Amino acid sequence: MKGVVVFLGPPGVGKGTQAGLLREKLDAIHISTGALLRSEIESGSELGLSVKGVMAKGDLVSDDQLFGCLENTLDRDRQLSEKLVILDGVPRTRSQVSRLDEVLSRRGLKVALAISLVAPVEKLVARFAHRWSCQSCGSVFSFETAPDSGSKCEKCGAQGAFYRRDDDGEKAVRYRFSVYHEETAPLLDVYRERELLQEVDGLAEAGAVFEQIRAKIVKCFDF
Ligand code: AMP
């Protein structure tokens, strides 16, 4: 077993980008709960329809909706116990910490490391004005002006697939930050008390952030 790493940090700090790099370079399994829920919305499923409005506003979906979706994904992955698993977007509340522990323990897994990406909120809020996502692979980019229909995603090659997430507008972004402060930031202490927390400067260049994270993972796991 390699083990489970949870990524913590405010919206826009680069959790998805870093988890994607770990998938690419360390062959990790990257599970983004936001991406799972967005694909439910895209598929038009009952769950997708019921979470669409909540997510567009920047609010949290219910624990039952979240864990239903997460457990289905965990159960589909046959390599869960052999690889490094990066959880990006969960837990986000105290109740999710204990529920996640149970869900993992039923599968013989546990959180072995919590990486906190740290950055001042003001710097992050400004990033959202230029944030575009690839509909095809979920990668996030910063463009000063709207990309045209011929623009290609440098990660997956999809053409004309850039879009602005419903919850990346200013009002929803402010709301997401307030939810983060009230519900998620207190989890840093939970993992600190468990002596699992490692902090990384989230404002450094992506490659440098990745090297810091890699070093912490190598130290924690048997790589
Ligand atoms: P993210 O892609 O991580 O920014 O998540 C986008 C949105 O998905 C959040 O604003 C929530 O509406 C929903 N979401 C993702 N993860 C969770 C979670 N652990 N608990 C509740 N809602 C979540």
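Is lysine 155 buried, partly exposed or exposed? Lysine 155 is partly exposed, at a relative accessible area of 47%, where buried means under 20%, exposed over 50% and partly exposed in between (1.4 Å probe, protein chains only).

The views below show a predicted model, in which local features need pLDDT of at least 70, side-chain atom pairs count only at pLDDT 80 or more, and totals for chains, interfaces and linings use all residues. Residues are numbered from 1 along each chain as its sequence is written, and side-chain values use heavy atoms, with hydrogens and water left out.

**View 1. The open sheet, with five strands in the order β2-β3-β1-β4-β8.** The pairing is parallel; two strands pair if DSSP finds at least two bridges between them. Strands (E, at least two residues) and helices (H or I, at least four) are DSSP runs, numbered from the N terminus. β2 (29-32) and β8 (197-201) are the edge strands; each has a single partner strand, so one side of each is left without a neighbour in the sheet. From one strand to the next the twist averages 25 degrees. Axes here are lines fitted to C-alpha atoms, for helices over the stretch in contact, and angles between N-to-C directions run from 0 to 180 degrees.

**View 2. Strand β1 and its two faces.** Six of the six residues of β1 are buried, so the strand is largely enclosed by the rest of the structure. Gly3, Val5 and Phe7 lie on one side, and Val4, Val6 and Leu8 on the other. In a regular strand the side chains alternate between the two faces of the sheet. Both faces of β1 are covered.

**View 3. Pairing of β1 with β4 and β3.** Strand β1 (residues 3-8) is joined to strand β4 (residues 111-118) by five bridges, and the two run parallel. Phenylalanine 7 has isoleucine 115 as its bridge partner in β4, while valine 5 is partnered by leucine 113. Five bridges also join β1 to strand β3 (residues 84-88), again in parallel. In β3, leucine 87 stands opposite valine 6.

**View 4. The salt bridge between glutamate 24 and lysine 155.** The closest N and O atoms of this pair are 3.5 Å apart; a salt bridge is a side-chain nitrogen of Lys or Arg within 4 Å of a carboxyl oxygen of Asp or Glu. Glutamate 24 belongs to helix α1 (residues 15-26) and lysine 155 to the loop between β6 (140-142) and β7 (162-163), so the pair ties together parts that are 131 residues apart in sequence. Glutamate 24 is exposed, with a relative accessible area of 51%. The structure holds 16 salt bridges.

**View 5. The salt bridge between arginine 107 and glutamate 71.** The closest N and O atoms are 2.9 Å apart. Arginine 107 is in the loop between α5 (94-105) and β4, and glutamate 71 is in helix α4 (residues 63-76), so placed that the pair links distant parts of the chain, 36 residues apart. Arginine 107 is partly exposed at 22% relative accessibility, whereas glutamate 71, at 18%, counts as buried.

View 6. Glutamate 211 is partly exposed at 42% relative accessibility, as is arginine 214 at 27%.

**View 7. The crossing of α1 and α9.** The two axes come within 10 Å and cross at roughly 65 degrees. The crossing is right-handed; the term applies if the near helix is turned clockwise from the far one by less than a right angle, and left-handed if anticlockwise. On the α1 side, Gln18, Leu21, Leu22, Lys25 and Leu26 meet Ala206, Val209, Phe210, Ile213, Arg214 and Ile217 of α9, contact meaning heavy atoms within 4.5 Å.

View 8. With a disulfide taken as a pair of cysteine sulfur atoms within 2.5 Å, the count comes to zero. Cysteine 137 is partly exposed, with a relative accessible area of 34%.
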